[in-house]
Amino acid sequence: MMRTRQHQWRCSDVTFHCPNQGLCEQWITVINEQLSLLTNRPKSLLVYINPYGGKQRGKRIYEQKVAPLFHRACISADVIVTEHANHARDHLKTEASLEKYDGVVCVGGDGMFSEILHGLVTRVQTDHGVDQNQPDAELVPCSLRIGIIPAGSTDCICFATVGVNDPVTSALHIIIGDSQPVDVCSVHHKDIFLRYSVSLLGYGFYGDLLTDSERKRWLGPARYDLSGLKTFLSHNYYEGTISFLPAEDAVGSPRDKLQCRSGCHVCQHKLSSKDKQWDISEREKPDKDGSGWNVMRGKFIAINAANMSCACPRSPKGLSPSAHLADGTLDLILVRKCSRLDFFRHLLRHINTDDQFDHSFVEVHRVRMFHFQPLYQESISLDDLNETPKKTGCSPMCPAPTACSYNTIYSSWTCDGEILPHAAIQVSVQCQLIRLFARGIEEQ
Ligand SMILES: CCCCCCCCCCCCC/C=C/[C@@H](O)[C@H](CO)NC(=O)CCCCCCCCCCCCCCC
Ligand SMILES: Nc1ncnc2c1ncn2[C@@H]1O[C@H](COP(=O)(O)OP(=O)(O)OP(=O)(O)O)[C@@H](O)[C@H]1O
Ligand SMILES: [Ca+2]
């Protein structure tokens with residue numbers, strides 16, 4: 001293995017010259033013995049390929065670039081090419097014989113990773129009798145590591161854990177058995193489990209953008225730019241109350257320059273004090289008066305909860321450049337109502353070197369849990385929703401029924417690219433619930 005440019009790895013050959021056959025065979029035996037002692041390396045993998053992710057190259061990428069490397073590394077792989085959405089998730093939840101494998105690999109984008117995440121985490125909880133609907137249940141970590149071969153549109157989880165979206169690099173991280181713990185957020189609505197998230201939970205701008213882009217899937221990755229422009233131009237804001245529990249005991253803060261890198265000290269500190277901190281903060285019931293909860297009501301253009309930096313090729317520093325992969329916290333970014341020009345300036349700072357939090361209308365908090373409640377009660381059942389809401393669809397609390405259109409008083413949450421069916425949610429971070437075949441971004 002050798003490093004090339006920008007976190008990218010390639011195979012390299014080393015030739016040993018030997019004076020005679022006997023010695024050569026001895027060398028081979030010893031090398032193989034030494035390799036078999038490396039217990040971190042996976043020997044057997046379960047691979048799911050989404051043939052329709054990104055530019056629909058998943059199958060070819062796996063066959064041409066990844067399978068030959070696994071073969072050379074003596075890794076056996078059972079491959080499943082998915083036939084429909086949620087195929088991989090449901091297979092993992094109930095059918096897959098997980099005891100046969102050292103890891104699960106997904107070939108696809110963030111949506112495909114999310115399927116693997118849900119399948120695996122749900123399977124482990126079911127096997128251990130943990131009720132996912134309980135917002136304060138302590139979830140059981142997954143022992144199987146997950147590998148991501150990027151073949152999607154954004155591939156933010158791969159980019160933010162490896163530093164590059166490159167199938168060969170990711171395959172090499174799997175082969176050498178790297179391990180990167182990652183926090184997982186659980187999302188509930190009124191004590192009903194909705195979803196898990198590892199990258200971005202976004203209400204307002206990103207929720208609207210994602211909702212619009214789902215209708216443009218046929219456009220491929222370009223759908224995000226078109227929907228981004230459209231959402232930017234519509235310039236909606238949403239009213240609601242956000243309550244959060246700040247991570248006061250955390251080592252870092254969102255505006256320090258301590259970026260999460262391989263061997264991150266902030267995440268390691270969390271590892272050593274994990275049990276202790278769970279007892280102090282996690283078990284504490286969300287009692288909003290006097291136990292450290294902050295409550296803010298306002299008009300927001302965007303509410304973004306970033307559990308990791310969310311770095312991706314579009315924004316190499318990401319939504320929250322100093323967020324950590326495995327510190328048990330997420331960065332809650334509140335963008336209040338502002339002018340179009342100001343919001344544009346804020347967006348622009350995601351792609352230049354200026355600080356995107358240095359605006360009067362933006363605040364950022366490092367938190368362990370948060371709740372959101374839209375201003376108006378969600379009396380409209382989503383199943384009943386039409387393009388033009390019926391009069392009866394308006395909540396009695398809505399001030400001007402004629403102006404009460406669902407589309408402008410509520411946004412939706414995007415949860416790692418999936419739209420949630422409720423706007424009122426409770427979120428809590430589960431520290432280091434999963435591990436990836438990665439090592440974090442290496443310092444250059
Ligand atoms: C002036 C240029 C500003 C550019 C600002 C770029 C900010 C980009 C921040 C990207 C954050 C990605 C977070 C990842 C989330 C994933 O869990 C999820 C699933 O794959 N992907 C998306 O939600 C997909 C999200 C895709 C986001 C695309 C954003 C495009 C914004 C375009 C704004 C246009 C403004 C134009 C003004 C004239
Ligand atoms: N065989 C299949 N047919 C249709 N949809 C599938 C199939 N397999 C998986 N899916 C779904 O396709 C969706 C998108 O896949 P994926 O995440 O791989 O690509 P993407 O959306 O282009 O990338 P990104 O999520 O990075 O933007 C996922 O939500 C997944 O559930
Ligand atoms: Ca985190």
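Predicted model: local features only at pLDDT ≥ 70, side-chain atom pairs only at ≥ 80, totals over all residues.
Strand S13 (residues 362–374) runs antiparallel to S16, and the two are joined over four bridges.

## Exercise 1: The surroundings of strand S16

Determine which strands pair with S16, and how many residues of S16 are buried.

Solution. 
Step 1. Start with S13, whose pairing with S16 is antiparallel. Within this arrangement, Phe372 stands opposite Ile425 of S16.
Step 2. Turn to strand S7 (residues 180–189), which also pairs with S16 in the antiparallel sense, here over eight bridges. Cys185 is found opposite Val429 of S16.

## Exercise 2: The domains and their contact

State which domains the protein is assigned, and describe the side of domain 1 that touches domain 2.

Solution. 
Step 1. The domain assignment gives domain 1 (2–178) and domain 2 (192–256 + 292–380 + 388–431).
Step 2. Taken over C-alpha atoms, the centres of domain 1 and domain 2 are separated by 31 Å.
Step 3. The contact involves 21 residues from domain 1 and 22 residues from domain 2.
Step 4. On the side of domain 1, H4 and helix H5 (156–162) each contribute at least two residues. The largest share, six residues, belongs to H4.
Step 5. Sorted by class, this side of domain 1 holds eight nonpolar, 10 polar and three charged residues.

## Exercise 3: The shells around the ligands

Explain why ligand 1 lies between the domains, and identify the helix that gives the most to the shell around ligand 2.

Solution. 
Step 1. Ligand 1 is surrounded by 25 residues, and the closest are Asp110, Thr154, Ser199, Gly228 and Gly417.
Step 2. Domain 1 and domain 2 both give residues to the shell around ligand 1; therefore this ligand lies between them.
Step 3. Helices H7 (205–214), H8 (223–234) and H11 (340–348) each supply at least two residues of this shell. H8 provides the largest share, with five residues.
Step 4. The shell around ligand 1 divides into 14 nonpolar, seven polar and four charged residues.
Step 5. Ligand 2 is surrounded by 22 residues, the closest being Gly53, Gly108, Gly109, Gly111 and Gly152. Helix H4 (residues 110–127) gives the most to this shell, with four residues.
Step 6. The shell around ligand 2 comprises four nonpolar, 14 polar and four charged residues.

## Exercise 4: Helix H7 and its cover

Is H7 mostly covered or mostly uncovered, and what covers its buried residues?

Solution. 
Step 1. Seven of the 10 residues of H7 are buried, and the helix is mostly covered.
Step 2. The buried residues of H7 include Phe205, Tyr206, Leu209 and Leu210.
Step 3. Among the elements that cover them are strand S9 (200–204), H8 and strand S11 (294–306).

## Exercise 5: The largest nonpolar core

Find the residues that touch the most other members of the largest nonpolar core, and list the contacts of Cys106.

Solution. 
Step 1. The core has 106 residues; Cys106, Val107 and Ile116 touch the most other members. At least three residues of this core come from each of domain 1 and domain 2.
Step 2. Neighbours within four places in sequence are left aside; Cys106 is then in contact with Tyr48, Ala88, Met112, Phe113, Ile116, Ile146 and Ile148.
Step 3. For the protein as a whole, buried residues make up 42% of the 444 residues.

Definitions and conventions
Residues numbered from 1 in each chain as written. Chains lettered and ligands numbered in written order. Near = placed C-beta within 6 Å. Nonpolar A, V, L, I, M, F, W, Y, C, P; charged D, E, K, R; others polar. Domains from an automatic or database assignment. Buried ≥ 20, exposed ≤ 12 C-beta atoms within 10 Å, placed from the backbone. Core = buried A, V, L, I, M, F, W, Y, C linked by C-beta atoms within 7 Å. Contact = placed C-beta atoms within 7 Å. Pairing = 2+ DSSP bridges.
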